[in-house]
Amino acid sequence: TIAFSATNTMTEVLCVDNQEGSLFVPDPRLLCPVVKELRCAEELITADDLHTHNQDCEDEDERVGPYTFFVTLPPYSTASESEPEPAIRLALTCRDRSCGVLVPHEPLAPKQLPHEGVDPFFFEKGFYLEAQTGFTVWPGSRLILEALTGSYKGFERMLHWQNRMAKGMLNVLELGAGIGIVGACLAAAGADVLVTDLQVLVDHAIVPNLRRNSHQGVDEKEEKELDNRSSTLTQSLLQSLPETTPVHPIGRGHAAAHVLDWTKSPSSQLPCETLSSIDLIVGCDCAWMEKLIDPVLSTIKVVFAKSIKAGKDPKMLMTYQRRGKNEVFSTLEGFLKEAKIHGWSVECIAWRPVDIEEDGENDVFLFEITPGHELRQSFR
């Protein structure tokens, strides 16, 4: 038996030997049911529908694709409030319908016929296989949102982050954001979020979706204050971004989009002040391809180092979805092995089986990654 990052109270990542090698086995007590407080749905909007609904040209141009994915966040309340605030509902458009995200009672859009001819983004910079899958919503997005916005008893350890979001005191960096669903929702919950991915996804998915949801759930009385960048972002990671980068008020927080290519140093792509202000990194299925493991871990390492040097205590929440055997796909065990080499603590805090069309049932896991003691000591 091989145990990675064991503590006195819990074996954080457990691998057991079998005939094929060390296989990760999650604690059955961490099996997480779907959190009903967070509701999702999707619909297919065709060109004819747009004409019928009399939607204007600007709205049509903002659409990432024919599908709209809806997320209704759990109602927000504090001890000082007699009634919770109304639930915030966000709508994000995407090119393909979601995979394994919706549960039986939630509306599922019909599948559209495959696009004929050359993909319109085929010649776009960075339009690799990993970018193509970013236009779809995957199960890890739902799991991480449930953890950071829901009240399921298995997510009690997430109360720390939830409370910081509620107070507007959480700076989040999202890696591999896809269409921007997680970043937009965390902003609505009160965080300041820098939503990042490859150029093609930033330009054609994240930016349009942040614009679409800008000021969604924002109280009219707070509009002027939220529009004043200098007064609301004094302590935010978004403050040091170029003035040409739009910052969108969403719910009780803010979100902005930025390109971040993991094959290049984050320090050459983002201001030092931004990297130094990050409290929490989130990433959904960032390491699903074998070739992505080293670049994404290197990116995380730099962000951890910058944040720790600035006196912060950063962590990362990351989902990983198992997939069928294919030489392109990474393995969970391989990812955990590489994380161990970096000296990080990796703890599985939740998991559930998901049914993916054409791929069958697999498990999706939520991990909490903590920088190692050596990295912390190096800045003391």
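Author: The chain has 13 helices and 14 strands, where helices (H or I, at least four residues) and strands (E, at least two) are DSSP runs numbered from the N terminus. This is a predicted model, in which local features need pLDDT of at least 70, side-chain atom pairs count only at pLDDT 80 or more, and totals for chains, interfaces and linings use all residues. Residues are numbered from 1 along each chain as its sequence is written, and side-chain values use heavy atoms, with hydrogens and water left out.

Of the 380 residues, 52% count as buried; buried means under 20% relative accessible area, exposed over 50%, and partly exposed in between (1.4 Å probe, protein chains only). Among contacts in the chain with a separation of 6 or more, 73% are between residues 24 or more positions apart, a contact being heavy atoms within 4.5 Å.

Now the cavity. A search of the whole structure finds one cavity of 30 Å³ or more. A cavity is a set of points on a 1 Å grid over the protein atoms alone where a 1.4 Å probe fits but cannot get out, and lining residues have an atom within 4 Å of a point. Grid points are joined across faces, edges and corners, and the volume is the space filled by probe spheres set on the points. The largest cavity holds about 30 Å³ of space. Its lining consists of Leu38, Cys40, Phe69, Val71, Val101, Val137, Ser141, Arg142, Leu145 and Ile181. By class, eight of these are nonpolar, one is polar and one is charged; Ala, Val, Leu, Ile, Met, Phe, Trp, Tyr, Cys and Pro count as nonpolar, Asp, Glu, Lys and Arg as charged, and the others, Gly among them, as polar. Strand S5 (67-72) and helix H4 (139-149) each supply at least two lining residues, and H4 gives the most, with three.

Next, the cysteines. The structure holds zero disulfides, a disulfide being a pair of cysteine sulfur atoms within 2.5 Å. For Cys284, the nearest cysteine sulfur is that of Cys286, 7.0 Å away. Cys284 is buried, with a relative accessible area of 14%, and Cys348 is buried at 3%.

Ala257 is found in strand S10 (residues 253-259). Its relative accessible area is 13%, so Ala257 is buried. Not counting residues up to four places away in sequence, Ala257 touches Leu194, Val195, Val202, Ile206, Val207, Leu210 and Thr245. The C-alpha atoms of Ala257 and Leu194 are separated by 5.8 Å, although the two are 63 residues apart along the chain. Thr245 is twelve residues from Ala257 in sequence and 7.5 Å from it in space, C-alpha to C-alpha. Thr245 sits in the loop between helix H9 (229-232) and strand S9 (248-250), and counts as buried at 11% relative accessibility.

Arg322 is another loop residue, placed between strand S12 (315-321) and helix H12 (332-341). At 17% relative accessibility, Arg322 counts as buried. The side chains of Arg322 and Glu333 are joined by a polar contact of 3.1 Å, meaning a pair of N or O atoms within 3.5 Å; within protein, one must be able to donate a hydrogen and the other to accept it, and residues adjacent in sequence count only if both atoms are side-chain atoms. The Arg322 side chain also reaches the backbone oxygen of Phe24 at 3.1 Å. Not counting residues up to four places away in sequence, Arg322 touches residues including Leu23, Leu332, Asn362, Asp363 and Phe365.

Conventions:
On a 1 Å grid over the protein atoms alone, a cavity is a set of points where a 1.4 Å probe fits but cannot get out, and a pocket is an open set with protein on both sides within 12 Å along at least five of seven lines; lining residues have an atom within 4 Å of a point.
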